[in-house]
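Dear colleague,

Here is the structure I promised to hand over, with the sequence alongside. My notes on what was found in it follow below.

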Amino acid sequence: MNEDKKQPLPEAEKQDVKSPKPKFVKTEKTPVEPCDPEALIEVQHLTKSFGELTVLNDISEKIMQGEKVAVIGPSGSGKSTFLRCLNVLEDPTDGYVFFEGNNLCDLRVDINVQRRRMGMVFQQFNLFNNMNVLKNITLAPVHIGLQELKRAKRKNLGIKIGNLFRGKEKKKALVPIETSVKKIREEAKANAMRLLERIGLADKASVFPSTLSGGQRQRIAIVRALAMNPKVMLFDEPTSALDPEMVGEVLELIKELADEGMTMVIVTHEMGFAREVATRVMFMDGGKIVEQGPPSEIFGAPKNERLKDFLSKVL
């Protein structure tokens, strides 16, 4: 008898062996449901936990094209985590996030392709300090443009090789390529300068972010997101890191975008701004959306006692 052969674990010890927890769990509580084709963004039973702490608790919500949604609430209520889950910068522990009908929690979906149409503006600007302003704005459009150009060239190469073995009548046409590396760079630069002129910072194109004020850096961060022509803009407390005198210039730019019809989700502590710009206000507390509605109702006639208490301290 071989004594080195591994013996089966006793039942008591088997219970102590912990299997690794999967990153994304699909439970009976949260089956995939057909998403609303009219919704630009839809979340179904969104849950996010950090260890034992549940930050988002079973949220289901829709954001329609053209809406300006302000998310308010006390610190620690899950506002920023909710926003970061919308483009899956934070992986949901459970639930689903849909953007334009695509399930962003499905590993078969290329999340980077979806994020190209979702602009994100952070609290701390997140500009690249080793690049000048123009490079910060053109980096992503040039990178994506070159990627698509290489993909088209590779596809044409495959077609050419395949055509060598096809009959004359079965030869495939090449993918038309109407751009070049030079054209991609020139168009990205022209678009960046147009955006900088819009915010009055065209003369700052060659300077580095560290030499600019907080308000200037945040406006450039917004312009950088706009350079990708997004379908929706996500703002994570865009004025929280700014001096009070610089808040106005950033809010004015966001208001201009709202007036132009841009779909927005804004996490903010600026109650006056939320009242003026938002078409819908969500109040979050304890990882849930406890009340929502038009600004006139949320600020003028709140129903939830926690919301009443919150507004009494911030207004």
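**Salt bridges, strands and confidence**

Arg84 has a relative accessibility of 25% and therefore counts as partly exposed, a class that lies between buried (under 20% relative accessible area) and exposed (over 50%), computed with a 1.4 Å probe on protein chains only. Its side chain forms a salt bridge with Glu90, in which the closest N and O atoms are 3.7 Å apart; the term salt bridge stands for a side-chain nitrogen of Lys or Arg within 4 Å of a carboxyl oxygen of Asp or Glu.

Please keep in mind that this is a predicted model, in which local features need pLDDT of at least 70 and side-chain atom pairs count only at pLDDT 80 or more, while totals for chains, interfaces and linings use all residues. Residues are numbered from 1 along each chain as its sequence is written, and side-chain values use heavy atoms, with hydrogens and water left out.

The structure holds 18 salt bridges. One of them joins the side chains of Glu100 and Arg117 at 2.8 Å, N to O. Because Glu100 sits in the loop between β4 and β5 (102-103), and Arg117 in the loop between α3 (111-115) and β6 (118-121), this pair ties together parts that are 17 residues apart in sequence. Helices (H or I, at least four residues) and strands (E, at least two) are DSSP runs, numbered from the N terminus. Glu100, at 28% relative accessibility, is partly exposed, and Arg117 is partly exposed as well, with a relative accessible area of 24%.

A further salt bridge is formed by Arg198 and Glu256, whose closest N and O atoms are 3.8 Å apart. This pair links distant parts of the chain, with Arg198 in helix α5 (residues 181-198) and Glu256 in helix α7 (residues 244-259), 58 residues apart.

Turning to the strands, eleven of the twelve residues of β1 (residues 39-50) are buried. β1 pairs with β2 (residues 53-64) in the antiparallel sense over eight bridges, where pairing requires that DSSP finds at least two bridges between two strands. Ala39 has Met64 of β2 as its bridge partner, and in the hairpin of β1 and β2, with two residues between the strands, Gly51 takes a positive phi near 65 degrees. β1 is also joined to β4 (residues 94-99), antiparallel, by five bridges, and Phe98 of β4 is the bridge partner of Glu42.

As for confidence, the mean pLDDT (the predictor's confidence in each residue, from 0 to 100) of the chain is 89, and 90% of its residues reach 70 or more.

With best regards
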